[in-house]
Structures are given as structure tokens and as C-alpha cells.
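Here is a note for a colleague who has not seen this model before. Please read it with the sequence and structure open.

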Amino acid sequence: MATPSLLNMKIAFVGKGGSGKTTLSSLFIRHLAAARVPVIAVDADINQHLGVALGMDEAEAAALPAMGAHLPLIKDYLRGGNARIPSVETMIKTTPPGEGSRLLRICEDNPVYDACARPVALDDGAVRLLATGPFTESDLGVACYHSKVGAVELCLNHLVDGRGEYVVVDMTAGSDSFASGLFTRFDMTFLVAEPTRKGVAVYRQYQEYARDFGVPLKVIGNKVQGPDDLAYLRAEVGEDLLVCVGHSDWVRTVEKGRPAPFALLEEANRRALGTLHDTADAAYEHRDWERYTRQMVHFHLKNAESWGNAKTGADLAAQVDPAFVLFEGAAATPQPA
Ligand SMILES: Nc1ncnc2c1ncn2[C@@H]1O[C@H](COP(=O)(O)OP(=O)(O)OP(=O)(O)O)[C@@H](O)[C@H]1O
Ligand SMILES: [Mg+2]
């Protein structure tokens with residue numbers, strides 16, 4: 001078991017459309033940057049808003065490279081010298097790393113980041129932003145459909161530990177991530193819920209999957225206006241309710257195109273972000289390497305059988321390296337130059 005000081009946290013923000021996923025992701029990213037924590041921010045929504053929420057102007061955000069458009073490069077790099085993956089064409093979004101694969105680290109330069117990541121300057125240092133991009137048929141590569149976020153899943157499955165580092169993913173509103181294994185790739189999933197029946201319904205759906213797969217899930221109440229809103233969420237969500245965020249004038253000001261220093265964010269909301277940070281850090285101690293690797297293989301075999309084998313004409317089960325355990329085994333894996 002790694003020590004808690006080796007924190008490479010993968011955090012997802014999910015929830016109903018319009019609940020505040022992008023807003024809370026961006027606030028959390030700003031909070032981490034202010035705490036001098038290295039962050040990779042990932043916009044995994046097809047409607048790309050995270051860049052703008054982090055202060056990019058529309059033109060900069062529109063010019064972000066789409067990971068989907070760089071799938072061949074991403075696959076070729078990650079495949080490295082893995083003899084179980086003879087060609088890019090046979091690599092699908094769930095193909096797990098094995099001996100010879102190249103792995104990604106948060107604080108490094110590599111061809112994947114060169115092609116896909118762009119720096120975003122914040123008040124307190126910069127973060128790297130990756131975006132899945134809008135998906136077109138031609139982006140999909142030979143065998144990566146069913147999911148708009150295949151490139152993100154591939155990258156997360158090839159990401160290894162560094163010290164005190166975070167990946168924060170603003171996820172798509174739909175349940176796309178259940179078809180693949182993407183929703184199992186996070187140390188903590190923050191479900192953003194407004195105090196409404198629809199907000200809570202998305203939580204219940206997510207909760208079922210999370211329970212079945214042992215995925216840590218906490219609810220952040222958003223746009224919570226008073227005691228009745230709070231009581232409603234408490235009654236519906238129970239112990240999974242972590243913290244509530246109210247209406248933020250700071251957020252509204254920034255939405256009006258008037259940049260405001262992050263230090264001026266309301267005190268109550270700053271405290272809420274601190275709670276998210278503490279909760280995420282604490283979740284790391286419960287990370288289960290064995291589950292993580294087992295689920296990676298489980299979803300790969302499921303995808304291979306349901307469409308991957310037919311699509312690639314190969315037996316993709318053969319890509320599984322039975323001796324490989326991501327993270328713990330990763331350091332011992334020979335890395336091709
Ligand atoms: N706590 C808050 N205070 C003030 N405004 C907020 C707050 N949370 C969200 N908003 C506003 O609500 C709107 C929707 O939020 P946001 O875009 O973050 O939701 P989303 O879940 O990412 O939506 P989508 O599903 O479309 O991606 C935005 O205009 C945002 O500025
Ligand atoms: Mg959004």
C-alpha cells in the first residue's frame with residue numbers, strides 16, 4: 001500500500017445538466033492551484049465549458065485541441081513497446097497497460113500533453129487543461145465508439161502516481177460513463193445536486209452503480225438557498241451529503257466577464273472547497289489497487305466481447321497482462337525510451 005503522502009488523486013464532478021459541475025470543478029481547480037497542488041484539469045463534457053470557467057476567453061477555449069482528434073497519437077504513445085498490442089488499430093479505449101506500455105505522470109512533458117494539453121494561467125500558478133472535444137465520426141479511430149470519452153479513459157488507465165498531484169475531471173451529464181469503465185476510475189466522485197427531485201434522481205442512479213462497483217461517491221448540494229433546501233437534501237441524500245454551496249456572487253461576477261481574484265471568493269464557499277480537498281485526500285487511503293486493476297480488466301473484456309473483437313478482428317482478451325498491476329507494479333515496469 002502506498003503512503004498517503006503519495007497523492008495522485010483522480011476526482012470527477014458529475015450530476016444533472018446545469019447543476020453546477022463545471023462551476024464547482026473550476027472552483028476546486030482554482031482552490032488546488034492556490035494550494036500549490038499540481039493539477040491536470042480535464043473537460044470530459046462534449047459541451048466544452050471548463051476552459052472558460054477557468055478564465056480563458058472564448059477564442060482560446062475554442063482553440064483547445066480535442067483529445068478525440070488525437071486518439072491515434074495517444075494510443076501509439078501509450079502502447080509503447082507492449083507486445084500484447086501489436087498495432088494502434090487493435091487498441092480500444094479500455095485496452096489496459098501491460099509490460100512495455102508507456103505510462104503518464106502528471107508532472108512531466110510527453111507527446112500526449114504536447115498535443116492535447118494547454119496551460120491555463122490562474123491567480124496562483126497555471127494548470128494544464130485537456131479537453132475531449134466535440135466528437136465527430138472521423139475522430140473515433142477504428143475501434144473507439146460507444147463513448148465520447150474514450151481518450152480520457154485510456155489516459156486515466158495509464159496514469160501513475162506522483163506526489164501530491166490531482167486530476168480533476170468535469171464529466172458529461174449523461175450516463176455515457178457507465179457503459180465504459182470510466183466511472184470506476186476515480187478516487188472520489190463528487191455528485192453535484194441541486195435541491196430538486198431531478199437533482200436527487202441523478203444521485204440515486206449514480207449511487208446504484210457506485211455501490212455495485214465500490215466507487216466512493218459524495219454529494220455536493222449546489223444553489224442551496226436556505227434551511228428548507230438543506231433539509232430536503234439531508235432527507236433525500238442522507239450521509240452521502242458532504243457539503244452545500246449557496247449562490248455565489250463571485251461566480252456570477254466572473255460569469256459577467258469581470259475577472260475577480262480567487263481570494264475574494266465567499267468565505268463559506270472557500271470552506272466548502274477545503275472540505276472537498278480534505279475528503280478527496282482522505283479517500284486516497286482507501287484506494288484499492290486490486291479493485292482498480294480488476295475493474296480495468298473487467299470493462300476491457302466486456303467491451304472486447306460486446307464490440308471490440310468484432311470491430312478489430314482480433315481477440316482483445318489477449319491484451320490483458322495478468323502480471324501487471326497499475327501503480328504498484330508500474331514503477332517496476334520497464335519503460336521504453
Ligand atoms: N453556486 C453557484 N452560484 C452562482 N451561480 C452558479 C452556481 N453554481 C452554478 N451556477 C451557474 O449555473 C449555471 C450552470 O452551471 P454549470 O455550467 O457549472 O453547470 P453544469 O452542470 O456544468 O452544466 P452542463 O450540464 O450544461 O455542463 C452557470 O451559469 C453557473 O454560473
Ligand atoms: Mg458543464
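1. Basis. This is a predicted model, in which local features need pLDDT of at least 70 and side-chain atom pairs count only at pLDDT 80 or more, while totals for chains, interfaces and linings use all residues. Residues are numbered from 1 along each chain as its sequence is written, and chains are lettered from A and ligands numbered from 1 in the order in which they are written.

2. Confidence. The protein has a mean pLDDT of 87, and 87% of its residues reach 70 or more; pLDDT is the predictor's confidence in each residue, from 0 to 100. For residues 1-6 the pLDDT is below 50, and the stretch makes six contacts beyond near neighbours in sequence. Residues 138-146 also have pLDDT below 50, with 21 such contacts in the model. Two residues are in contact if their C-beta atoms, placed from the backbone, lie within 7 Å.

3. Nonpolar cores. A nonpolar core is a set of buried Ala, Val, Leu, Ile, Met, Phe, Trp, Tyr and Cys residues joined through C-beta atoms within 7 Å. A residue is buried with 20 or more other C-beta atoms within 10 Å of its own, exposed with 12 or fewer, and partly exposed in between, C-beta atoms being placed from the backbone. The largest core has 78 residues, and Ile11, Val39, Ala41, Leu129, Val152 and Val168 touch the most other members. Its largest share, six residues, comes from helix 1 (residues 21-34). Helices (H or I, at least four residues) and strands (E, at least two) are DSSP runs, numbered from the N terminus. A second, separate core of five residues includes Ile85, Ile92, Ala304 and Leu316.

4. Ligand 1. Which residues come nearest to ligand 1? Of the 20 around it, they are Gly17, Gly20, Lys21, Thr22 and Thr23; a residue is near if its C-beta atom, placed from the backbone, lies within 6 Å. Helix 1 and helix 10 (249-255) are the elements that give two or more residues to this shell.

5. Helix 6. Eight of the eight residues in helix 6 (residues 150-157) are buried. Among them are Val152, Glu153 and Asn157.

6. Leu241. This residue is found in strand 8 (residues 241-245). Why is Leu241 partly exposed? Leu241 is classed that way because 19 other C-beta atoms lie within 10 Å. Leaving aside neighbours within four places in sequence, Leu241 is in contact with Val219, Gly221, Leu233 and Arg234.
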